Amino acid sequence: MTMQGTANTLDLIKTVLARGPIGLGTKTTNVAALLNRPNQESDTELRHRLPYRNDEALGEELNERLIKWADSIGLYQGHLDYLRKCNFGRYVMLTYAFSEDRERLFLAGQAMLALFGLDDYFVDDKRAGSTLDMVGRNLSICMSALDEPFFTPKYNDATEKGLAAHPVLVALRQYINKTAQYGTPQQVARVRHEDMCLFVAMCQESSWRMNKMVAPVWEYLGGRQMNGFTPCLTMIDIVEGYELPHNIYSMPSVRQVVKIAGLICVMVNDLVSSDKEEEAGVNQFGIREAIQKEEGCTFEAAHRMGIRLHNDLLRIFEDESSKLMVYATPELRKYLIGLEAWIAGSHRWHTTSDRYSGK
């Protein structure tokens, strides 16, 4: 083959890979991302891949089921039109791209809706009655909803009544109980663990806000890595119908890519959600404000640094997950590709959902 022929072949491969995966079950690796990424990351545009699936009819089907479920338990009562516009069904469709099982996808949507509802009712939104001084208490009760307490009959009955008193608590119980139907005990424990880490980080965030504190960037990122999308990422294998064994999930190299994937997704959330949070009366700082204070720069410069941080994290994710692919078990390979799909789908949803971009 001539030099020109070799170059043309490589260009063809790059063109095909750049299109990304096509069709359910398409199992690519990070090769496409590695071949097509720039030599140096941008500070003006969030680098991302196209969604691995974009089936709008499936997203609408799931969204309508989630609206009916929320209505049945009183979640977002009086605000179901807003909930419909948020389109969490589309979020599920975009992120859990390799599952066609409607019940498992619905479970993923219940988890999302319960956790976003928890954030709105108990942490972020004054319009829903959240107050900073009650965040710790409310989230502690949420832990009881996810991990059933055991007392004497008298206090068991009181707990049962208490956990049925708020739609967020009902949503959490229903989603974790359904998770137990589809996942192994180890998978359920993993989900609970990531949820409770989320709650602790939400308390940390409330402490910053109560004390009008802008945390150092390293502290902020540590909190956001927990207060993000890791609980959803840990359900990838459950939704797809297999199990990534706990001893593999807990390997430091696997934990690294899981946590970085969650942080990548939450950086997008940070960079697009500021208007929504201002309307909700949150007025909290985000990655841009943390960088601005630490670097002593303008907000615009901090915004560019935030974009570059996202892109640098994506590069680390690609590099480290590619290393894992070399010796990955079939389950780990599926899971790593599931993480790729989740990052791509989450970016699309955050930049198009009415939760952030709507009026």
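How far apart are the end C-alpha atoms of α10, and what span should its 26 residues have at 1.5 Å a residue? The expected span, defined as 1.5 Å times one less than the number of residues, is 38 Å for α10, and its end C-alpha atoms lie 38 Å apart, which agrees. The structure is a predicted model, in which local features need pLDDT of at least 70 and side-chain atom pairs count only at pLDDT 80 or more, while totals for chains, interfaces and linings use all residues. Residues are numbered from 1 along each chain as its sequence is written, and side-chain values use heavy atoms, with hydrogens and water left out.

The overall picture comes next. The protein chain has 19 helices and zero strands, where helices (H or I, at least four residues) and strands (E, at least two) are DSSP runs numbered from the N terminus. Of the 359 residues in the protein chain, 54% are buried; buried means under 20% relative accessible area, exposed over 50%, and partly exposed in between, with a 1.4 Å probe and protein chains only. The protein chain exposes about 16,200 Å², of which carbon and sulfur atoms supply 55%; accessible areas come from the Shrake-Rupley method with a 1.4 Å probe, and for residues only the protein chains shown count as cover. Among contacts (heavy atoms within 4.5 Å) with a separation of 6 or more in the protein chain, 77% are accounted for by residues 24 or more positions apart.

Helix α10 (residues 185–210) also carries R192, which is joined to D147 in the loop between α7 (135–146) and α8 (153–163) across 45 residues, so that distant parts of the chain are linked. The D147 and R192 side chains form a salt bridge of 3.9 Å, N to O, a salt bridge being a side-chain nitrogen of Lys or Arg within 4 Å of a carboxyl oxygen of Asp or Glu. D147 is partly exposed at 40% relative accessible area, and R192 is likewise partly exposed at 25%. Just after α10, K212 adopts a positive phi of about 50 degrees.

By the salt-bridge rule, the count comes to 20. One of them pairs E160 with R173 at 3.1 Å, N to O; here the partners are 13 residues apart, E160 in helix α8 and R173 in helix α9 (residues 167–182). E160 is partly exposed at 42% relative accessibility, whereas R173 is buried at 18%. Salt bridges with shared partners also connect E41, R47, R315 and E318 in one network. Another pair, E100 and R102, has its closest N and O atoms 3.1 Å apart; E100 is partly exposed at 39%, as is R102 at 33%.

Helix α11 (residues 217–226) is mostly covered, with seven of its ten residues buried. These buried residues are V217, E219, Y220, L221, G223, R224 and Q225, and they pack against α10, α12 (230–233), α15 (252–272), α17 (287–295) and α18 (299–325). The axes of α11 and α15 are 8 Å apart, at an angle of about 105 degrees. That makes α11 roughly perpendicular to α15. Axes are lines fitted to C-alpha atoms, for helices over the stretch in contact, and angles run from 0 to 180 degrees between N-to-C directions; under 35 degrees counts as roughly parallel, over 145 as roughly antiparallel, 65 to 115 as roughly perpendicular and the rest as oblique. On the α11 side, Y220, L221, R224 and Q225 meet K259, I260, L263, V266, M267, N269 and D270 in α15.
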